[in-house]
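Trainee: Hi, could you walk me through this one? I'd like to ask things as they come up.

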Amino acid sequence: MGIEHTKKAPRKQPQHIPRGCSLLLRCVARRLEAIVNFYWPTLIGFFLGFSFGVGCALAVMYSIYRGGYRAAVKDSQLNPQPANYQQELHKLPKQ
């Protein structure tokens with residue numbers, strides 16, 4: 001029983017770059033491929049995080065706004081109306 005050697009996974013080769021290209025062009029192509037492979041998941045994560053973050057914040061602000069609106073409508077229908085409601089009603093311009 002000896003030491004068993006495991007096979008290493010083959011290295012991922014970049015997409016075909018023609019042999020006639022200069023060394024600089026090959027380096028740039030490899031670097032660009034590494035950048036593109038890194039940025040796609042990052043951009044998708046940033047977009048989803050920003051979208052859901054802003055969407056949730058807007059939903060919370062809208063629910064707070066609707067709650068305030070409901071309280072104002074409820075106050076307007078009370079008899080007698082609250083003092084705060086009367087003060088704000090007098091501040092509004094007459095039509």
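Trainee: Is Lys-91 buried or exposed?

Mentor: Lys-91 is exposed, as its relative accessible area is 62%. Here buried means under 20% relative accessible area, exposed over 50%, and partly exposed in between, using a 1.4 Å probe and protein chains only. Keep in mind that this is a predicted model, where local features need pLDDT of at least 70, side-chain atom pairs count only at pLDDT 80 or more, and totals for chains, interfaces and linings use all residues. Residues are numbered from 1 along each chain as its sequence is written, and side-chain values use heavy atoms, with hydrogens and water left out.

Trainee: Thanks! What does Lys-91 form a salt bridge with?

Mentor: Its partner is Glu-88, and the closest N and O atoms are 3.4 Å apart. A salt bridge is a side-chain nitrogen of Lys or Arg within 4 Å of a carboxyl oxygen of Asp or Glu. Glu-88 is partly exposed, with a relative accessible area of 45%.

Trainee: Where do Glu-88 and Lys-91 lie?

Mentor: Both are in helix α2, which covers residues 83-91, and they sit three residues apart, about one turn of the helix. Helices (H or I, at least four residues) and strands (E, at least two) are DSSP runs, numbered from the N terminus.

Trainee: And how many salt bridges does the whole structure have?

Mentor: A search of the whole structure finds one.

Trainee: New topic: how many helices and strands are in the protein chain?

Mentor: There are two helices and zero strands. In the loop between α1 and α2 you'll find Pro-80. The peptide bond leading from Asn-79 to Pro-80 is cis, with omega near 0°.

Trainee: What about aromatic pairs, how many are there?

Mentor: The structure holds two. Phe-46 and Phe-50 make a stacked pair, 6.1 Å centre to centre with 10° between the planes. Rings of Phe, Tyr and Trp (its six-membered ring) pair if their centres lie within 6.5 Å; planes under 30 degrees apart count as stacked, over 60 as edge-to-face and the rest as tilted.

Trainee: How far apart are Phe-46 and Phe-50 in helix α1?

Mentor: They are four residues apart there, so about one helical turn separates them. Phe-46 counts as exposed at 58% relative accessibility, and Phe-50 is exposed too, at 51%.

Trainee: Which residues make the tilted pair?

Mentor: Tyr-62 and Tyr-65, with 6.4 Å centre to centre and 35° between the planes. They are three residues apart in helix α1, so about one helical turn lies between them. Tyr-65 counts as exposed, at 53% relative accessibility.

Trainee: Last one: what share of the 95 residues in the protein chain is buried?

Mentor: Buried residues make up 2% of them.
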